Amino acid sequence: MTAACDFAVEADGLSKSFGRTPVLRDVTLRVVRGEALTIFGPNGAGKSTLLRLCATLTRPTGGCLRLFGSDAIGPEVRRRIGVVSHQSFCYPDLTARENLTFFARAYGAAAPEAEAVSWLARVGLADVAHRPLRVLSRGMEQRLALARALLPTPDLVLLDEPWSGLDATAADVLTVLLATAKCEGRTVITVTHDLDRGLAIADRACILHRGQIAWEGAVQHGGDGPDGLGGARAALNDAYRRVTAPVAA
Amino acid sequence: MTVRTRLAPIAEHVLPYAATLTMLGALWCVFIYAPDERMQGPVQRIFYFHVNCAWSAFLGFFVAAGASGLFLWRGRPAYDHLAQAGVQVGMLFCTMVLVTGPIWARPIWGTWWTWDPRLTMTVILWTIFAVYLLLRATAHDDPEIARYGAVLALVGVLDIPLIMVSVRLWRGMHPSVISAPEGKGGLEDPRMITTLLVTLAAFLLLVAWLLWRRYETLRLHDEIHNIEDRFTEVAA
Amino acid sequence: MWTILRKDLLLEFRTREALSALVVLMLLVLLTFTFAFDPAGAREAAPAVLWVTFIFAGLLSVQRTFLLERENGSWYGLLLTPIDRGAIFVAKMLGNLIVLALAQCVLLLLLMLFLQVPLPAAPGSLLIVNVLGLVGFSALATLFAALSVRLRAREMLLPLLVLPLLVPLVICAVEATRIVLAGGDLASTGPWLRVLVTFDVIFTVAGWMLFEQLVQE
């Protein structure tokens with residue numbers, strides 16, 4: 001295996017504009033396999049766009065993006081990516097189980113039915129498996145979305161504001177599942193506003209501001225504070241203020 | 001870009017004069033040099049414009065389809081500009097075909113409009129590319145609109161042979177109200193052929209020049225926007 | 001591909017009110033034609049009534065399948081799967097085709113009931129003509145519905161985009177249906193059928209190849 005393949009994501013001078021509006025400008029980013037990166041940033045900084053680029057839903061207007069060492073973005077690369085967004089990407093008129101079975105089948109699972117059932121149990125939705133998604137609560141829907149994304153055991157997990165609209169319990173379930181995914185050696189890239197939860201799962205954090213990476217740093221676990229993230233939080237807060245200050249002024 | 005810079009001096013300094021001169025020559029040919037057609041009289045002279053308009057319209061649409069294909073393949077905005085220019089120029093001439101056609105048909109066939117296969121096809125083509133312009137106008141702020149337009153132009157041109165065949169079949173089935181004399185094509189005098197060739201050259205030059213102008217306008221439009229954006233960026 | 005088709009049909013079955021609405025809409029358009037033409041005139045124009053009714057109702061139905069996908073962003077879920085985009089097009093097209101075929105069967109029955117159109121001598125030929133018309137229509141409508149669903153003026157734009165391109169299909173399908181209803185067999189619809197088949201092949205292939213261009217952003 002060559003050195004290049006040790007990276008899950010390699011972005012070189014990546015830029016994206018929607019028509020005349022530039023959203024990302026010259027973003028260069030490396031994410032090593034198995035690493036957990038959290039991207040913070042104010043609204044409109046281009047975080048979601050960066051994630052959508054990594055998810056192959058959008059193509060860059062400039063620069064180069066390699067996923068798993070390959071710049072050919074095709075079905076083989078998509079198979080290795082799981083995405084959780086603030087939308088669930090599931091069909092509201094199908095039941096939880098039908099949704100999962102469909103996606104398992106779409107990813108070519110050998111036993112889609114069984115896989116769907118086992119994942120429903122893992123995210124605690126076994127009781128409501130036969131109810132259409134339309135009647136489920138936001139938290140349940142988000143858990144289903146997580147099952148949908150993790151079911152094909154992707155190597156790269158992309159999360160766009162995964163905690164938004166979740167109550168504390170549901171958010172904790174999500175964090176636990178993400179921690180498991182990370183332990184299994186998956187690369188996790190998260191985009192969020194939630195400082196505490198975002199830091200808790202991160203090895204590294206960066207701040208995206210106006211389409212550019214404005215700050216980058218490792219996250220020290222086991223420092224001060226009740227969660228051992230006191231130092232990291234202080235560093236990030238400081239950087240965030242510094243980066244976004246010119247706008248306020 | 002290099003193709004553009006190489007073409008620019010010719011397109012800027014030669015094309016407009018060449019087009020004007022040949023067009024004047026074409027006018028002389030049509031009105032003075034060419035003889036009256038025996039059956040139709042002076043009305044037949046509109047044929048030189050009518051037919052060349054039709055060919056120019058086709059040329060514009062095919063340029064648009066080719067550029068659209070290249071745009072989808074390569075993704076360079078220049079191809080999209082060329083495609084738009086092609087549709088706009090094609091529409092101009094297509095409209096002129098639909099105007100000159102009835103003017104000729106009124107004295108010769110005795111009616112402004114008839115469902116002659118060629119006429120029918122032209123009107124269908126006109127609607128397809130009118131929708132193209134409409135699509136680009138209504139959704140001009142959609143970032144993907146160039147790609148959508150390209151798909152429409154390609155599918156539209158793919159449709160042309162099918163429209164041609166089916167419209168011909170369709171008219172063959174129904175009895176025609178007017179038994180149309182084959183007014184077109186009967187160029188018995190060699191001077192007529194010369195006139196047709198001169199007008200053809202004039203129209204080709206005109207099409208090339210119009211294409212160039214539209215292309216440049218669209219390109220500069222884009223460039224101005226880019227500069228504007230950079231200014232607001234620097235200001236912020 | 002079969003996976004998506006299966007899901008689409010399941011979804012269609014779940015939201016079967018929409019299919020009933022489609023059939024009722026077809027009935028209403030048919031009645032409107034009958035009132036406008038007088039029953040005798042409508043019988044004369046039966047092939048035209050059939051296809052015009054079908055095209056307007058069909059466009060709404062095809063658009064709906066893409067609106068269903070947009071809800072909750074499930075369309076992105078579909079695009080994220082390792083399924084080839086050309087296969088997504090074919091699956092969507094087949095899904096639309098099956099739903100439209102069901103509706104078309106009902107429409108034909110209604111036509112026979114209300115306009116006393118006699119059952120043709122060769123029902124098989126009628127079936128083939130209809131299927132060929134449906135394939136071409138589904139291909140074009142699916143391709144352009146994927147395009148128009150992203151635009152603001154989508155309800156207006158889809159018919160505008162598709163109708164002029166459908167002209168060859170309308171001409172050939174109506175003429176072939178007229179011949180078959182008048183008791184002709186398949187051979188007598190030769191030239192019309194050939195154009196229909198060409199239309200189907202060209203636009204199925206074009207859709208399969210161009211679909212990728214419409215779904216990426």
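These are my notebook entries on a predicted model, arranged by topic.

**Entry 1: chain B as a whole**

I began with the make-up of chain B. I counted 7 helices and 0 strands in chain B. Read from the N terminus, the elements follow the order α-α-α-α-α-α-α. Of the 236 residues in chain B, 47% are buried. I then turned to the contacts in chain B with a separation of 6 or more, and found that 80% of them join residues 24 or more positions apart.

**Entry 2: where chain B meets its partners**

I looked up the contact of chain B with chain C. This contact takes 31 residues from chain C and 30 residues from chain B. The two chains bury about 2,700 Å² between them, and carbon and sulfur atoms give 77% of that area. On the chain C side, C:Leu165, C:Trp192 and C:Gln213 lose the most area to chain B, together 17% of what that side buries.

I next looked up the contact of chain B with chain A. Here 6 residues come from chain B and 6 residues from chain A. The buried area is about 520 Å², with 41% of it on carbon and sulfur atoms. On the chain B side, B:Pro143, B:Asp229 and B:Glu233 lose the most area to chain A, and together they account for 61% of what that side buries.

**Entry 3: two helices in chain C**

I examined helix H1 (residues 2-14) and helix H3 (residues 46-70) of chain C, whose axes come within 12 Å and cross at roughly 100°. H1(C) and H3(C) are therefore roughly perpendicular to each other. From H1(C), the residues in this contact are C:Lys7, C:Asp8, C:Leu11 and C:Glu12, and they meet C:Arg64, C:Thr65, C:Leu68 and C:Glu69 in H3(C). By class, I recorded 2 nonpolar, 1 polar and 5 charged residues for the contact of H1(C) with H3(C).

**Entry 4: C:Ser138**

I located C:Ser138 in helix H6 (residues 123-148) of chain C. Is C:Ser138 buried or exposed? Its relative accessible area is 0%, so C:Ser138 is buried. Leaving aside neighbours within four places in sequence, I found C:Ser138 in contact with C:Met93, C:Asn96, C:Leu97 and C:Leu100. I also noted the separation of C:Ser138 from C:Ala40: the two are 98 residues apart in sequence, and their C-alpha atoms are 31 Å apart in space.

**Entry 5: two buried threonines of chain A**

I looked up A:Thr56 in the loop between helix H1 (47-54) and strand E4 (62-67) of chain A. With a relative accessible area of 9%, A:Thr56 is buried. Apart from neighbours within four places in sequence, A:Thr56 is in contact with A:Leu67, A:Ile73, A:Val77, A:Arg78 and A:Ile81, and also with C:Arg85 of chain C.

I then looked up A:Thr95, which lies in the loop between strand E5 (81-84) and helix H3 (96-106) of chain A. A:Thr95 is buried as well, with a relative accessible area of 8%. Not counting residues up to four places away in sequence, A:Thr95 touches A:Ala129, A:His130, A:Arg131, A:Pro132 and A:Leu133, together with C:Arg14 of chain C.

**Entry 6: positive phi values**

I noted a positive phi of about 40° at A:Thr153, although this residue is not a glycine. A:Thr153 belongs to the loop between helix H5 (138-150) and strand E6 (156-160) of chain A. A:Thr153 is partly exposed, with a relative accessible area of 47%.

C:Asn72 sits in the loop between H3 and helix H4 (74-80) of chain C.

**Entry 7: cysteines**

How many disulfides does the structure hold over all chains? I found 0 disulfides. A disulfide would require the sulfur atoms to lie within 2.5 Å. I recorded A:Cys206 as buried, with a relative accessible area of 1%. A:Cys90 is also buried, with a relative accessible area of 0%.

How values were computed:
Residues numbered from 1 in each chain as written. Chains lettered and ligands numbered in written order. Predicted model: local features only at pLDDT ≥ 70, side-chain atom pairs only at ≥ 80, totals over all residues. Heavy atoms only, no water. Buried < 20%, exposed > 50% of the residue type's maximum accessible area, 1.4 Å probe, protein only. Axes fitted to C-alpha atoms, helices over the stretch in contact; angles between N-to-C directions. Helix = DSSP H or I, 4+ residues; strand = E, 2+ residues; numbered from the N terminus. Parallel < 35°, antiparallel > 145°, perpendicular 65-115°, else oblique. Contact = heavy atoms within 4.5 Å. Nonpolar A, V, L, I, M, F, W, Y, C, P; charged D, E, K, R; others polar. Buried area = accessible area lost by both parts, 1.4 Å probe.
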